[in-house]
Amino acid sequence: MAERITIVGAGVIGAAIAFYLSRAGAKVTVIDAAMPASGASGRSFGWINASFFISPDHYRLRLTAIAAHHQLAEDLGPTGSQWPGAISWEQKGDELEATACQLEEMGYPLRRLTGAEVARLEPALSNPPQEALLFPNEGAVDLADLTVRLLEGASRHGAQLCLGVPVTGLRPGAEVLTAQGTIKADRVILAAGTACAGLLAGIGISLPMLPRPALILRTRPVAPVMRHILVTPDHEIRQDGAGRIILPTSANHQQDDSTEITELPPLVADAALARLTALFPGNDIAWEQVTLAQRPVPGDGLPAVGETGVEGLYLAVMHSGATLAALIGQLVAAEVLGGSPSPILEPYRPARFA
Ligand SMILES: Cc1cc2nc3c(=O)[nH]c(=O)nc-3n(C[C@H](O)[C@H](O)[C@H](O)COP(=O)(O)OP(=O)(O)OC[C@H]3O[C@@H](n4cnc5c(N)ncnc54)[C@H](O)[C@@H]3O)c2cc1C
């Protein structure tokens, strides 16, 4: 009989796992307190990259994850991902060169660009940097859209969604508690983003999470002004297919370790827009939406994926879900149904926090 699996959380991680599990024949139910992508996945920058990493293992995971995104497009159909490459001048001089050498040594595709080359590749930039790095294999995806596509794909393979139903607790033996009663299955996969820690605490498991709030700005659609994902000293910036420019309001958002946001979001948005407009003068750019989000970041910054030690309960929580979702979906489905642990996930087991 098909294995019955309950997935708690209809963000991109739960959705990717649901897709690959149901495609492999499991009987999947996804339960969410709200609607799909109502957590971090609906408020993400969506950059898919391996140029940011915390350790060599983490680099390998992210590099493999880029390939997994292309595999996902074959398995699911169009994912909405764009692959324009990224141009970075967040660092300069020796620092930029050190990053280039380190990535080159690991075999990461990159090109050093002169100021003239940046100006040719990004003609609308007001003040191109004198040097930059081009990462040609990087991309971006609207995570809310991808989450819905993954859930639709899962549904085509028989998965069912239960929305607007908060999970109030977890019990050994794959039991999920709600105010309306208990859902029983053969296995539970907890993919509830920042809520994982609280749900695990209720069953005696400690999962430290870092408070990592962030603001994402979206502009009204404008005619195309940039061709790549741009990584400047102030912001990462991209323009989506509809013409909206999207940017975290802080610099270097993947390493931004602010624990609170104390300024009013519209004021922060005004300031970020002023910097954006200075980069692309002559364009009538106005912001449309600023969104406050909590990024799901386990205590050491790395993913937490694997068995929890509680019978039938598996965990998948991480930052960089835009980069990692496709791979996590593939690996978790193979581990859970195939039973053999995936070596590339070994550094990320939840037991390291025990
Ligand atoms: C501002 C920002 C910028 C980012 N930029 C990038 C980037 O450029 N590149 C990148 O790779 N990653 C980026 N990320 C990270 C990425 O968005 C996340 O890693 C990813 O969205 C996490 O997905 P998730 O499914 O684990 O969690 P979520 O999307 O948060 O989903 C969790 C789901 O669980 C549900 N839930 C919570 N509690 C319960 C409960 N008790 N019962 C039932 N359901 C519950 C929620 O409603 C939610 O739908 C960014 C994140 C943010 C916030």
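Which residues on the other side of α7 are exposed? I began the notebook with this question, working from a predicted model.

**Entry 1: helix α7**

I looked up the exposed residues of α7 and found P266, L267, A271, A274 and A278 on the other side of the helix. The helix itself covers residues 265–279, which makes 15 residues. I noted that α7 reaches 21 Å from its first C-alpha to its last, close to the 21 Å expected at 1.5 Å a residue.

I then listed the buried residues of α7, which are A269, A272, L276 and L279. Seen down the axis of α7, these buried residues fall within an arc of 70 degrees, so they line one face of the helix. I recalled that an α-helix has 3.6 residues a turn, so residues three or four places apart point the same way. I next asked what covers the buried residues of α7. The cover includes the strands β14 (213–219), β16 (236–239), β17 (245–248) and β18 (287–294).

**Entry 2: helix α1**

I turned to α1, which has 12 residues. Its reach from first C-alpha to last is 16 Å, close to the 16 Å expected at 1.5 Å a residue. I found that 12 of the 12 residues of α1 are buried, so α1 is largely enclosed by the rest of the structure. Among them are V12, I13, F19, Y20 and R23. I also checked the backbone just after α1, where G25 takes a positive phi of about 105 degrees.

**Entry 3: the two domains**

I consulted the domain assignment of the protein chain, which gives domain 1 (4–66 + 142–210 + 298–353) and domain 2 (83–138 + 211–295). The centres of domain 1 and domain 2, taken over C-alpha atoms, are separated by 28 Å. I recorded 15 residues from domain 1 and 22 residues from domain 2 in the contact. On the side of domain 1 that touches domain 2, the elements that give two or more residues are β3 (47–48) and α2 (56–76). By class, I noted nine nonpolar, four polar and two charged residues on that side of domain 1.

**Entry 4: the ligand shell**

Which residues around the ligand come nearest? I found G11, G39, G193, A195 and G321 to be the nearest of the 42 residues around the ligand. The elements that give two or more residues to this shell are α1 (12–23), β2 (27–32), β14 and α8 (321–338). By class, I recorded 25 nonpolar, 14 polar and three charged residues in the shell. Why does the ligand lie between domain 1 and domain 2? Both domains give residues to the shell around the ligand, so the ligand lies between them.

**Entry 5: V118**

I located V118 in helix α4 (residues 115–121). I read V118 as buried because 21 other C-beta atoms lie within 10 Å, and the threshold for a buried residue is 20 or more. Not counting residues up to four places away in sequence, V118 touches I87, L113, L125, P128, P129 and A132. I also looked up the separation of V118 and L230, which are 112 residues apart along the chain, and found 11 Å between their C-alpha atoms.

**Entry 6: T194**

I placed T194 in the loop between β12 (187–190) and α6 (196–201). With 18 other C-beta atoms within 10 Å, T194 is partly exposed. Not counting residues up to four places away in sequence, T194 touches M209, Q294 and P296. Finally, I noted 9.0 Å between the C-alpha atoms of T194 and P211, which are 17 residues apart along the chain.

Definitions and conventions
Residues numbered from 1 in each chain as written. Predicted model: local features only at pLDDT ≥ 70, side-chain atom pairs only at ≥ 80, totals over all residues. Helix = DSSP H or I, 4+ residues; strand = E, 2+ residues; numbered from the N terminus. Expected span 1.5 Å × (residues − 1). Arc of directions from axis to C-beta. Contact = placed C-beta atoms within 7 Å. Domains from an automatic or database assignment. Nonpolar A, V, L, I, M, F, W, Y, C, P; charged D, E, K, R; others polar. Near = placed C-beta within 6 Å.
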